[in-house]
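This briefing goes through one protein model by topic, from overall make-up to individual residues. The structure is shown first, and the points follow.

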Amino acid sequence: MADIEGEAVDFEAEEDDLMDEEVQEDERAHIPRLKSAIAGGAAPKKTKGRGFREEAHVDDRNARLSGRFDSLDSHGGPGPERSIEGWIILVTGVHEEAQEDDLHNEFGEFGEIKNLHLNLDRRTGFVKGYALIEYESFEEAQKAINAMDGGELLTQLINVDWAFSKGPIRRKRGGSPRSNRSRSPRRRY
């Protein structure tokens, strides 16, 4: 083994040591003490932000919260809902290699498309399987839904319906929404 040489350390108190016993109690009194919430020496810390405000009257808070908030009225009953700028339809079952031009060609014949959104998967770069198409008028969007729902786009069956609706979701005949995907009988092995 190697010899380890060390330096001797003197643990004797020196004259200029802070821990010297000669420090008087009155000299320690002017040193500020840290206050700790654990030791109980300080008041609890005030928390800032929404929800931590001390309110003088609970009635004031209730009056503020009982005010009228903005909401979408659905007085017309269940059915399609207009977005802020137009009527948006949702196309599901879109082929993963579909392009915006493919959708423009198919859905452009029903009216002028104001906006088309085709969402891509970040990891693969392919289409996620749905598209949002916005028309100016209700009639154009309704024609597109009637003509293209259950149709085919790039050899794949697509479903087309309203993106926004008031009231309960309407169900088509034939069971669950997934039942429209596969029309071929299941094979038994």
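Accessible areas are computed by the Shrake-Rupley method with a 1.4 Å probe, and for residues only the protein chains shown count as cover. On that basis the protein chain has an accessible surface of about 16800 Å², and carbon and sulfur atoms hold 49% of this surface. The model is predicted: local features need pLDDT of at least 70, side-chain atom pairs count only at pLDDT 80 or more, and totals for chains, interfaces and linings use all residues. Residues are numbered from 1 along each chain as its sequence is written, and side-chain values use heavy atoms, with hydrogens and water left out.

**Overall make-up**

- The protein chain contains four helices and eight strands; helices (H or I, at least four residues) and strands (E, at least two) are DSSP runs, numbered from the N terminus.
- Read from the N terminus, the order of elements is α-α-β-β-α-β-β-α-β-β-β-β.
- The chain has 189 residues, of which 19% count as buried; buried means under 20% relative accessible area, exposed means over 50%, and partly exposed lies in between (1.4 Å probe, protein chains only).
- Among contacts (heavy atoms within 4.5 Å) with a separation of 6 or more in the protein chain, 61% are between residues 24 or more positions apart.

- An open sheet is formed by four strands in the order 3-4-2-7, with antiparallel pairing; two strands pair if DSSP finds at least two bridges between them.
- Strand 3 (113-120) and strand 7 (159-162) are at the edges with a single partner strand each, so one side of each has no neighbour in the sheet.
- On average, neighbouring strands of this sheet are turned by 20° against each other, direction ignored.
- Strand 2 (residues 87-92) is joined to strand 7 by four bridges, and the two run antiparallel.
- Six bridges join strand 2 to strand 4, again antiparallel.
- L90 has D161 as its bridge partner in strand 7 and stands opposite L132 in strand 4.
- I89 stands opposite W162 in strand 7.

**Helices against the sheet**

- Helix 3 (residues 100-107) lies across strand 2, strand 3, strand 4 (127-135) and strand 7, and runs at about 140° to strand 3.
- Helix 4 (residues 138-148) lies across strand 2, strand 4 and strand 7, and runs at about 150° to strand 7.
- For these angles, axes are lines fitted to C-alpha atoms, for helices over the stretch in contact, and values run from 0 to 180 degrees between N-to-C directions.

**Nonpolar core**

- A nonpolar core is a set of buried Ala, Val, Leu, Ile, Met, Phe, Trp, Tyr and Cys residues joined through side-chain atoms within 4.5 Å.
- The largest such core has 23 residues, and those touching the most other members are I89, V91, F107, I133, Y135 and V160.
- Strand 2, helix 3, strand 3, strand 4, helix 4 and strand 7 each give two or more residues to this core.
- In soluble globular proteins, nonpolar side chains tend to be buried together.

**Salt bridges**

- Two salt bridges are found in a search of the whole structure; the criterion is a side-chain nitrogen of Lys or Arg within 4 Å of a carboxyl oxygen of Asp or Glu.
- E134 pairs with K114, with the closest N and O atoms 3.9 Å apart.
- This pair links distant parts of the chain, with E134 in strand 4 and K114 in strand 3, 20 residues apart.
- E136 also forms a salt bridge with K114, with the closest N and O atoms 3.2 Å apart.
- E136 lies in the loop between strand 4 and helix 4 and K114 in strand 3, so this pair ties together parts 22 residues apart in sequence.
- Through shared partners, K114, E134 and E136 are joined into one network.
- E134 is buried at a relative accessible area of 6%, whereas K114 is partly exposed at 35% and E136 is partly exposed at 43%.

**Positive phi**

- Most residues other than glycine have a negative phi.
- L154 has a positive phi near 55°; this residue is in the loop between strand 5 (152-153) and strand 6 (156-157) and is partly exposed, with a relative accessible area of 37%.
- T155, not a glycine either, has a positive phi of about 60°; T155 lies in the loop between strand 5 and strand 6 and counts as exposed at 71% relative accessibility.
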